[in-house]
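Good morning, and thank you for coming.

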Amino acid sequence: MENFKICFMGDQSVGKTSIINRFIYDDFNINSQSTVGVDFLSKTIFVENESVRLHLWDTAGQERFRCLIPSYVRNSSLVVIVFDITNKTSFKSIEFWMDTVQNERGDDVIVFLVGNKTDLEDERQVSLEKLEKEANKNGFLYLETSAKTGHNVKQLFRKIGISILKQNKKRKELIKPELDENTSLMNISLNIDPNKLKQKEESGCC
Amino acid sequence: MRGVPNRFRGNIWFILSGADKLMKQDQENLFKKLKKIKNPKAEELIKKDLDRTLTTHRGYIEKTEQSRLLDVLIAWMNYEKNECGYSQGMNFIAAILLLFLDEEQAFWTLVALMENYNLSEMYKPGFPYLEIATYQWDRLLEKFLPKLYNHFQFLFLTSDIYTSRWFLTMFSTTFSIHTTLKLMDFFFFDGWKFRFQICISLLKSFQKSFLLLPFEDIVSTLLNFDESTVDFPKIFKNAKKIKLSTNDLEKWENEFKEKKKENEIEIEKKNQNQKEKEKERKKENENQNENENEKEKEKENENGKENEIEIEKKNQNQKEKEKERENEIEN
């Protein structure tokens with residue numbers, strides 16, 4: 001089974017670890033420990049009759065740890081940028097996280113934008129329209145979740161799985177025609193008459 | 001090995017680290033002053049972590065410990081000689097100190113750890129000492145467990161994946177509190193050297209199984225050890241037997257620093273080269289533009305000349321016509 005690397009990033013205490021814990025253990029701990037450095041979890045999901053093994057890299061959100069993150073983005077198939085809908089600053093940081101992704105990968109990676117903590121609707125500071133706007137501007141997929149209630153968390157990972165499969169198929173299709181071209185080139189070169197080649201050599205053109 | 005009994009632990013940490021001397025030198029009740037200085041930015045940063053420290057400990061579940069932790073960390077942030085600010089990871093260290101020391105003692109022990117055990121260099125922005133320690137650890141792994149080192153290399157399992165977590169929290173997010181305390185005891189005695197010995201001994205005990213496991217199982221284990229599978233008495237015992245040379249550690253530290261410098265110089269060179277190339281490109285573009293402009297001017301000039309010739313021709317024609325007319329009139 002193929003593994004796919006997914007990198008979670010976003011400001012401190014927006015709920016990266018909680019979203020992952022909800023997905024893996026279907027559990028929520030209001031005080032999950034702060035992630036120092038990086039954490040790693042993996043799970044297999046089934047989408048569209050295929051199984052996909054996800055390697056989830058959960059990174060630290062404190063500004064100081066941002067220098068460690070590029071190496072995790074480098075080999076990711078997909079990046080999830082999380083912010084807290086009750087915290088404007090975490091929404092503004094999206095730009096920084098995007099830059100990190102683009103510096104490492106250009107446009108060669110799928111990006112999901114996730115607004116977490118929909119259970120705190122009363123304290124909302126970022127509207128869904130803003131999220132949509134931001135996502136559409138950059139061509140990201142977006143979703144709002146609540147790790148606490150479980151709202152949309154399953155859907156998020158289903159969508160992640162589907163996107164990854166799609167991308168993977170595209171890649172494979174891109175590699176195939178190249179191979180065909182190569183083989184046809186080889187045939188051409190093999191079809192050349194060796195005598196003619198010799199004649200050419202003897203004629204000694206410039 | 002049992003480590004230090006709980007009732008002595010606080011005092012032993014306090015004295016071994018040199019915190020007792022720091023506190024004796026302090027004539028002005030510094031801690032009480034520092035914890036009262038308002039520092040809203042620091043407070044906001046630290047408060048995010050208060051409920052997310054030692055989350056399985058009763059004091060933190062019942063929220064009786066958070067205010068003590070806040071006081072110590074705020075005092076640390078206001079401390080004049082603080083060169084590294086607040087970094088996640090410190091919350092765990094301070095919280096562990098507070099399990100056995102009062103706030104003032106915990107504060108001075110934290111200061112002593114930062115100053116005497118290189119922790120300040122570890123937490124500074126860019127984590128300079130973490131980088132060095134990770135490099136030293138790589139060399140140790142290569143020397144003491146070469147098979148495992150090669151296996152990790154083959155799997156692209158780089159050690160920074162686990163060293164940041166191990167070293168920045170003193171293993172408290174990897175092991176249970178019980179084990180962490182024992183590790184801390186030895187750390188206060190022997191500093192970094194012992195920490196490396198423990199790491200080697202630990203990985204040696206896992207070597208056989210790790211050599212057969214895929215990437216994901218190894219990483220999961222390294223980040224979250226299942227303690228029921230770890231024979232700690234044996235690991236502590238073996239750790240002590242591992243002979244680490246301080247010379248080697250120093251040599252590797254210098255090696256890393258040199259490599260880093262070389263890298264930085266190379267990056268600078270590349271940047272400069274790029275800048276020069278860009279300059280050249282700009283010049284070329286300018287030259288091209290100038291050339292084009294000149295060509296255009298020439299063309300214009302030529303056109304002008306042609307025009308002039310035509311005009312002259314026209315003039316001549318006109319003159320001729322006028323002459324003809326004059327002739328006609330005369331005739």
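**Where the chains meet**

In the contact between the two chains, chain B contributes 35 residues and chain A contributes 26 residues. Please keep in mind throughout that this is a predicted model.

How might one express the size of such a contact? The size of an interface is often given as the accessible area lost when the parts come together. Here, the area buried between chain B and chain A is about 2,500 Å², and carbon and sulfur atoms give 50% of that area. On the side of chain B, the residues that lose the most area to chain A are Arg52(B), Gln88(B) and Glu216(B), which together account for 27% of what that side buries.

Let us turn to charge. Side chains of opposite charge can pair when their charged atoms come close. How many salt bridges are there between chain B and chain A? The count is 2. In one, the side chain of Arg165(B) meets that of Asp39(A), with 3.5 Å from N to O. In another, the side chains of Glu216(B) and Arg53(A) meet, with 2.5 Å from N to O. This pair runs between chains, from helix α15 (residues 215–223) of chain B to strand β3 (residues 50–59) of chain A. Over all chains, a search of the whole structure finds 30 salt bridges.

Now I move to helix packing within chain B. Consider helix α1 (residues 6–16) and helix α13 (residues 177–190) of chain B, whose axes lie 9 Å apart at an angle of about 30°. Are these helices roughly parallel or roughly antiparallel? Angles under 35 degrees count as roughly parallel, and therefore α1(B) and α13(B) are roughly parallel to each other. The crossing of α1(B) past α13(B) is left-handed. From α1(B), the contact uses Arg9(B), Trp13(B) and Leu16(B), while the residues from α13(B) include Leu181(B), Asp185(B) and Phe188(B). By class, this contact has 6 nonpolar, no polar and 3 charged residues.

The second pair is helix α6 (residues 66–78) and helix α7 (residues 90–98) of chain B, whose axes come within 10 Å and cross at roughly 120°. These helices are therefore oblique to each other, and α6(B) passes α7(B) in a right-handed crossing. Among the residues that meet are Leu69(B) and Trp76(B) in α6(B), and Met90(B) and Leu98(B) in α7(B). By class, the contact of α6(B) with α7(B) has 8 nonpolar, 1 polar and 1 charged residues.

Thank you for your attention.

Conventions. Residues numbered from 1 in each chain as written. Chains lettered and ligands numbered in written order. Predicted model: local features only at pLDDT ≥ 70, side-chain atom pairs only at ≥ 80, totals over all residues. Heavy atoms only, no water. Axes fitted to C-alpha atoms, helices over the stretch in contact; angles between N-to-C directions. Helix = DSSP H or I, 4+ residues; strand = E, 2+ residues; numbered from the N terminus. Parallel < 35°, antiparallel > 145°, perpendicular 65-115°, else oblique. Left-handed = near helix turned anticlockwise from the far one by under 90°. Contact = heavy atoms within 4.5 Å. Nonpolar A, V, L, I, M, F, W, Y, C, P; charged D, E, K, R; others polar. Buried area = accessible area lost by both parts, 1.4 Å probe. Salt bridge = Lys/Arg side-chain N within 4 Å of Asp/Glu carboxyl O.
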